[in-house]
Amino acid sequence: MGSVVISLDAELGWGFHDLEPLPTARVEAGRRGWETMLELCEEYEVPATWAVVGHLMLESCDGVHADHPAPEGWFDRERGAWRDREDLRYCPELVRAILESDVDHELASHSFSHALFGRPETDREFAAAELERSVELAGEWGQTVDSFIYPRNDVGHRDVLAEYGVGAYRGRSPTPDGIRGLLDSTVRARSMLVEPRVDEHGLVNVPASLFLFGFEGPARTVAESVWNDPMVVLARRGIDDAADGDGVFHMWLHPNNLTLERDDERMRTILSYLARRRAETDLTVETMVDAARRVAVLEGVDGTATGVDGRATANPHRRVAELGDGD
C-alpha cells in the first residue's frame, strides 16, 4: 500500500523579491492562501510538510543583514519598496498556526531568504548561511529542520543540507507539469508515483509527483468548460494509484497559488477525495520526514547524521518556544 505526501512552499513576498515584474495577484494572495490551506487541512485531517522561508519567522529585522553573505542587491526590495510591507516579510503568527494546528504538520525549511541553491551566484558560503540561519531560527521556536524544499526546485549544495542535519529534500519531479504532464498521465497512462531514495550524501530524496497548479490560465478555463478541473483529475488518479499499489504520490503547491475561489475549490475537492480514499483503504498520508524515516529504515541507513532517525513525531505545537525579537 502506498502513501500520499503534500508539501507547501510557504514564502509570502520572499518567493518573488528578486523578480521583475511582480505577479501581483500571487504576492498579495499569500496570507489568504496560507490560512485557507490550514483550514482545509484541519477540516480533512490531512498533515502536510510546510516549508517556510526562515525570514518569515522573525518579528522584525534591520533589513540590512550585514553579516549574511548574499550576493549584492539580494535584499534590495526588503530595504526599499517593501520596507513598509511587513505583511510580506514576516508572519510569525502564521508559522505559529502551523505548529498549533490539531493536525501533525511538519515544519520544514524553504531556506532563509528564498535563495536559489542551484544558481552560480549561490556559492557554498551563501548556501551554508541560509541553512545555518534557518536551523538557528527553528531552534528558537523549539523545532528542528528535518526536511528542505529548494526554492523554485533549484537543487544544489546537497552536502550543505547534510552538514546542517537536514535529512530529506524534495527532488525534481520525474514527470512534467502543464499540458505535457496531463497528456503523459492521461493519454499515455504514465504513473505519477515516486520512490524516495537515499542519495550519496545520506539524504532521502522525496521527489515531487505533481504540481497542483501547473495547468492554469486560458487552458484551464477551456478544459474546465468542456471537461473538469484537469489537476483534480490528475490528483485523483495519483491518489488512486497510491491506494492501489506501492510508492508515494507527492503533491505540492504554494499557498499563494490560491488566488481565486476556484483555487480553493480545487484544493477542497482534492483533500476531500484524499480523506475518503484514506478511510476506504489502507492508504496513509505522511509528511516528508515520515517518508524519509521509513525509507531510511528500509534501506538500513543510520539516520543520526542526516536527521531522519530517532526524532519525536508528536504534534509539534507542544514544543513551541517563545519567539525572538530580531534577526
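Trainee: How many disulfides does a search of the whole structure find?

Mentor: The search finds 0 disulfides, taking a disulfide as a pair of cysteine sulfur atoms within 2.5 Å. Keep in mind that this is a predicted model, where local features need pLDDT of at least 70 and side-chain atom pairs count only at pLDDT 80 or more, while totals for chains, interfaces and linings use all residues. Residues are numbered from 1 along each chain as its sequence is written, and side-chain values use heavy atoms, with hydrogens and water left out.

Trainee: OK, and cysteine 41, buried or exposed?

Mentor: Cysteine 41 is buried, because its relative accessibility is 0%. Buried means under 20% relative accessible area, exposed over 50%, and partly exposed in between, using a 1.4 Å probe and protein chains only. Cysteine 61 also counts as buried, at 18%.

Trainee: What percentage of the protein chain do buried residues make up?

Mentor: They make up 56% of the 327 residues. The chain has 11 helices and 10 strands; these are DSSP runs numbered from the N terminus, with helices being H or I of at least four residues and strands being E of at least two.

Trainee: Which elements give two or more residues to the lining of the largest cavity?

Mentor: Those are β3 (106-109) and α5 (124-140). β3 gives the most, with 3 residues. The lining residues include Leu107, Ala108, Ser134 and Ala138.

Trainee: And by class, what does that lining have?

Mentor: It has 6 nonpolar, 4 polar and no charged residues. Ala, Val, Leu, Ile, Met, Phe, Trp, Tyr, Cys and Pro count as nonpolar, Asp, Glu, Lys and Arg as charged, and the others, Gly among them, as polar.

Trainee: Back to α5, what do its buried residues pack against?

Mentor: They pack against β3, β4 (147-148) and α6 (158-163), with contact meaning heavy atoms within 4.5 Å. Ser134 and Ala138 are among the buried residues of α5, and both also line the largest cavity.

Trainee: Which residue other than glycine has a positive phi near 50 degrees?

Mentor: That is histidine 157, in the loop between β4 and α6. Serine 111 is not a glycine either, yet its phi is about 75 degrees. Serine 111 sits in the loop between β3 and α5 and counts as buried because its relative accessibility is 0%.

Trainee: Where is the cis peptide bond?

Mentor: The cis bond joins glutamate 20 and proline 21, with omega about -10 degrees. Proline 21 is in the loop between β1 (3-10) and α1 (24-43).

Trainee: Last one: what does arginine 262 touch?

Mentor: Leaving out residues up to four places away in sequence, arginine 262 touches Gly217, Arg220, Thr221 and Glu224. Arginine 262 belongs to helix α10 (residues 261-280) and is partly exposed, at 30% relative accessibility.

Technical notes: 1 Å grid on protein atoms, 1.4 Å probe; cavity = no way out; pocket = protein on both sides within 12 Å on 5 of 7 lines; lining within 4 Å.
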